[in-house]
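Please look over the sequence and the structure shown here, and then read the report that follows, which takes up one region at a time.

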Amino acid sequence: MTTASPAAATPPPANAQQAGLWFIHETDPQCSAYHIVFGAEVTADAALGHRTEEILRDLMAEHDALRVCFQPGENGPAQRVQESVPLDIRHTDARGTDPKTLRDRVRTDTRAPFDLSRPPLWRIHLYRTAERTWVFAAVLHHAAADFWSLALLIGEVRARLEGTQGQFTLDGGAFASYAEQQRTFLSGGKAAALVADEAARLADAPPGLDLYGDRPGPPAPTYEGGSTPFALSAEATDTVRELARDSAATPYMVLLSAYFVLLSRLSGQSDVLVGTPTSGRLQRQYRDALGNFVNTVVVRGEVEETATYREVLASVRARVLEAMRAQELPFPWLVRELAPPRDPSRTPLYQAGFAWDRLPFLTDMDAFFLLDPDRTAELAVAGATLRPYPVPQQEGQTDLWVEMGGERDGAFAGVLRYNTDLFEPGTARDLAAAFVATVESLVRQPDAPLHSLARGDERQSARLAAPAGSRRVAVVVSAALGDMNAMISGWEALKSRGWNRVPPLTVPMSMGNGSAAAVALLVNARAGVHATVNACSSGTQALATAAELIRRGEADVVVAGGTEAPLHPLVLASFGSMRALSKRLDDPASASRPYDADRDGMVLGEGSGILVLESEEHARERGARIYAELAGVGSSSDAYDMVQPDPAGAGTARAIRDSLADAGARPEEVVHLNANGTATLPGDAAEGHGIRAVFGDAGRGPAVSANKSMTGHSLGAAGAIESIATVLSLHHGIVPPTRNFTRLGEHLSVDIVHGSPRKLEGERNVAVKNSAGFGGHNVALTFRGVPARRHP
């Protein structure tokens, strides 16, 4: 049964939840993470399909909610309803298509994006697989409808096909009054009081949930995801229900508590935030309404391994009830009001979700809402036979999302959705299995301390022990200057606008350890964060320090390198004043000329280079691709001048010899040397003399390349960038040429690779990276190529 929508005099505003989804669509129009999909295989006469199409056309005409779209308005997106909208039914003849290919096609088609400015925001994909058999998939954009609305429509279509009275009286216009009512509520005192309570409840919450995926997350969400189904045992399901009754809780609370334990173990955090959706239909008038009313609340859980599961459950129960008091506050609006610290790579406030979706009607269709249903399930509707055809959906909204509520063979079943930017499918399956193991372990012994309980099999235990391993990750990232732009911008703000207009992070962003600290936050390094400042050899020294951390057993993995952004007028003026810069302003492409007889100074550049160093055993254990071995480090000081190097190159020679000795290598084994090569007259001369002192004349020494001819001099980042080039030269067996080189400078005798790349021949597989910096800092690294047999 249905009631027609009243005509709207003016376009109603979008509610706050819809506005949030509209914003995501505006930033990523290809996003399909908010598509709701229902799929089934049906065997029927074609006439039934025609009748179904007529019913859908009638419903479209009757209900504004099915003809709605969104367009920009003065105060955000507005909902607009078109008078007439044609059905969007897409037919495909899939007869002869193998099942896997068809499933891939359905998945791809249901992910095709909507244009939120053009209705309808729902469509039907129909695939004919046999004379009387079709697969169909209904797709709705969450901005226009929620799961409850989908179920209402399924029930109504089914009732009309069977000629029976529908259980609900559909209301296709209530969405407009809901948006207006919400706007009025949010401007009132009750909403303000709830926001204050939420601010207190979420105060000092952790800035994010680090789940240690297979790779670091991207700088901004891509909303790419995957799904893996899971199920509890029937015995564990009965125990969950029993524990819920004994604790005056619900199965949802019992399972959410276990999820908190899992997330705490995965992250190493005791304070965890989880988003959980609510229907948003708090008033009876919206029970039969079509549209999107769903809202998300944030539950804050506290997990201590010394506590019992029963104690955790009691705490989570109280915290769920506390969070539900604010369910009238739409989540996007609440985020704006609270203004928490934002990281564009994360969803705000929570990165993991837990949903309990269980319809109180359509109970004979429960199997149709599972990702892994009973393959024998079927349902008779109006002379047709329907079978479940599950389609993965709503993936990639968060890092992890568990959805439960359905049952299979008397046991709770669910799906774990995961972000594929972070997790591989195999890891996701491990996590789903770890969740099942966690639930079954906890409900079996609810009065034992958490730390005393088994964490599943050996593989699952290793997964849940991963955060401890994260404390064995260190960071060494260096910069010669720090963020000069931040300091100078702060100074200019102070002069022009006063002390209270200086950005509060001016000092932290300007400090030399700022980059290292930022990387440590990104990778959650717990074994230490270091920033070595050795002028232009800082990046190389960072790698030397990283190697020592691993050798001393202080870390298993070190993220190391250098970064620099020195292109500011003040920095350029300073180098110009000391006559260190090239004057070839008429031909900048040829200005950087390391070791060339006509060199006249360096060219500044910007950039960063980061390498991952780890013990060979650790790398092989995790299946890493090994590019080279950092076999030796050496350093020295000229003790000669603040700017000028020792002209004899004695410091350079000492650093290279010490590096080779540390690696157990002889000079004649070195096939390639990546030079500091700044293109200054005294710098290249001193380095060249040092190289000659170690290796002899050009005919006997290694192939030398100077990357600054191509990249410019990025100061503290240069050594790390050029170390990457050195490693890749060994890995690929080829040395890049030095650009702008025509003839060797006077009194120099080094074998400069120029004109074209040089292939490395023979069995030698040792390379050296040399760096030098103001103040007489000399650092050399010795790398060995790794034979293919040593690759994992």
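## A helix across the sheet

In this predicted model, helix 20, which spans residues 650–663, lies across strand 21, strand 22 (670–674), strand 27 and strand 28, and helix 20 runs at about 145° to strand 21.

The open sheet is formed by six strands in the order 21-28-27-22-23-25, and their pairing is mixed. Its edge strands, each of which pairs on one side only, are strand 21 (628–637) and strand 25 (751–752). Helix 17 (residues 538–551) also packs on the sheet, where helix 17 touches strand 21, strand 27 and strand 28, and its direction makes about 115° with that of strand 21.

Strands of a sheet pair through backbone hydrogen bonds, and they may do so in a parallel or an antiparallel way. Strand 27 (residues 766–773) and strand 28 (residues 777–785) run antiparallel and are joined by eight bridges; A772, for example, has N778 in strand 28 as its bridge partner.

## A buried serine

S705 belongs to strand 23, which covers residues 703–705. Because its relative accessibility is 0%, S705 counts as buried. Leaving aside residues up to four places away in sequence, S705 touches H672, L673, N674, A675, V735, P736, P737 and T738.

## Helix 10 and its cover

In helix 10 (residues 331–338), the buried residues are F331, W333, L334 and V335. What covers these buried residues includes helix 1 (16–27), helix 5 (174–186), helix 6 (189–201) and strand 11 (295–302). Just after helix 10 comes A339, which takes a positive phi of about 50°.

How values were computed
Residues are numbered from 1 along each chain as its sequence is written. This is a predicted model: local features need pLDDT of at least 70, side-chain atom pairs count only at pLDDT 80 or more; totals for chains, interfaces and linings use all residues. Side-chain values use heavy atoms; hydrogens and water are left out. Two strands pair if DSSP finds at least two bridges between them. Helices (H or I, at least four residues) and strands (E, at least two) are DSSP runs, numbered from the N terminus. Contact means heavy atoms within 4.5 Å. Axes are lines fitted to C-alpha atoms, for helices over the stretch in contact, and angles run from 0 to 180 degrees between N-to-C directions. Buried means under 20% relative accessible area, exposed over 50%, partly exposed in between (1.4 Å probe, protein chains only).
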